[in-house]
Amino acid sequence: MKLSYFTLSFFLTALASAKSGTSPDIFKKDKPPSKYDSKKGFFKQSDDSTDETTFDVITENFGLEDGVTWDQVIKYVNDKNKEHYDDGEAYKLFFLGRHGEGYHNIAPLEYSTTDWTCYWQIRDGNGNISWFDAELTDKGIGQAKNLSIAWQDQLAHNSAPLPQSYYVSPLRRTCQTFNYTWAPITNYSDVEKYAPTVKELARETYGIGTESERHTKSFIHSNWPQFVFEDVFTEADELWTKEQHESKQHRNYRANVLLNDIFSNDPNTVISVTTHHGFINSILKTANHRKFVVGTGQMIPVVIKASASKKFDTPTLTKPWVEYSSECATFNPSQ
Ligand SMILES: *[C@@H]1O[C@H](CO)[C@@H](O)[C@H](O)[C@H]1NC(C)=O
Ligand SMILES: *[C@@H]1O[C@H](CO)[C@@H](O)[C@H](O)[C@H]1NC(C)=O
Ligand SMILES: *[C@@H]1O[C@H](CO)[C@@H](O)[C@H](O)[C@H]1NC(C)=O
Ligand SMILES: *[C@@H]1O[C@H](CO)[C@@H](O)[C@H](O)[C@H]1NC(C)=O
């Protein structure tokens with residue numbers, strides 16, 4: 001069905017708002033924003049009283065507060081961008097999607113915590129299921145398809161804005177989720193408009209567990225030939241190691257750098273990022289949003305304000321990374 005599904009007027013709106021996208025020039029000269037905030041009031045997910053454990057973005061109208069329309073959200077973003085351009089502020093609406101259920105989400109349930117942590121997580125699989133760079137389970141594919149249907153409904157009947165830029169984590173489960181969510185909506189062979197950019201920064205906390213190791217760039221390209229790679233994307237996974245697991249502090253830092261990157265280089269205002277549980281937590285934390293655990297196959301919309309451009313100094317990262325315990329090397333699992 002592709003885009004013929006949608007009315008012409010929707011399409012024109014999307015094109016018009018793409019043009020109005022803007023970031024202050026000062027963000028571009030090696031001086032990204034140094035401060036991020038999120039706007040409360042549009043989405044239930046930003047409300048402290050919302051129970052994240054039972055929240056379903058699909059049945060909750062993507063979280064729009066009662067009485068709030070997408071037009072109001074977009075108008076807010078565009079108006080603020082115009083009003084505060086000279087003050088060096090920029091506003092964008094993000095849709096942060098988490099991949100559908102992967103085999104790495106269900107595999108640990110079959111083992112004790114110690115067996116999983118010490119023995120199984122460092123292996124590619126158990127001979128029955130595989131979790132190295134885990135793929136989506138059938139349920140995970142169903143979740144991504146359901147999110148796609150919800151997007152189609154929001155676009156066609158609720159005037160939701162179609163994202164103007166797409167980013168995806170290089171892990172297999174997020175590439176798959178992107179595909180199942182967006183292929184029925186956009187023709188992402190039209191690379192200029194709809195293909196996602198594969199962003200190393202958007203991957204999950206990495207190290208030790210094989211589920212967080214990625215395939216090569218060539219592998220990703222052979223499976224998703226339309227995807228675009230950021231310039232710095234390397235052929236091999238140079239970040240994952242079997243000895244150490246990234247600290248949360250470092251992951252938060254990566255989220256900060258990703259926001260810097262997007263606010264400095266991407267003039268669009270409606271941004272989709274298909275990523276992971278931990279990395280979404282880090283983006284929300286960077287943007288001063290309340291903690292909100294996004295379930296598999298779910299998504300969270302958030303309006304992020306960037307300000308205070310200055311030279312970016314890499315923070316001092318003091319927290320240790322988790323080491324693979326030497327005791328595990330000789331450990332035998334109980335099952
Ligand atoms: C293999 O994995 C599937 C999916 O998790 C599970 O339903 C099934 O019980 C497993 N079979 C064996 C023999 O472990
Ligand atoms: C997809 O949505 C249908 C209809 O609401 C629901 O019955 C089904 O359980 C959903 N599938 C998954 C994997 O969430
Ligand atoms: C992409 O999604 C389509 C359904 O929209 C599916 O047929 C295809 O197998 C998927 N391809 C990959 C590589 O995920
Ligand atoms: C998708 O876009 C590509 C590139 O612009 C084009 O060649 C192709 O015909 C389009 N496919 C559909 C189904 O519109």
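A crossing of two helices is called left-handed if the near helix is turned anticlockwise from the far one by less than a right angle, and right-handed if clockwise. In this predicted model, local features need pLDDT of at least 70 and side-chain atom pairs count only at pLDDT 80 or more, while totals for chains, interfaces and linings use all residues. Residues are numbered from 1 along each chain as its sequence is written, ligands are numbered from 1 in the order in which they are written, and side-chain values use heavy atoms, with hydrogens and water left out.

The axes are lines fitted to C-alpha atoms, for helices over the stretch in contact, and angles run from 0 to 180 degrees between N-to-C directions. The crossing of α5 past α6 is right-handed.

In contact, which requires heavy atoms within 4.5 Å, Ile141, Ala144, Lys145, Leu147, Ser148 and Trp151 of α5 meet Thr177, Tyr180, Thr181 and Trp182 of α6.

For the second pair, the axes of helix α9 (residues 248-265) and helix α10 (residues 277-286) come within 8 Å and cross at roughly 65 degrees. That makes α9 roughly perpendicular to α10, and α9 likewise passes α10 in a right-handed crossing.

Notes
Helix = DSSP H or I, 4+ residues; strand = E, 2+ residues; numbered from the N terminus. Parallel < 35°, antiparallel > 145°, perpendicular 65-115°, else oblique.
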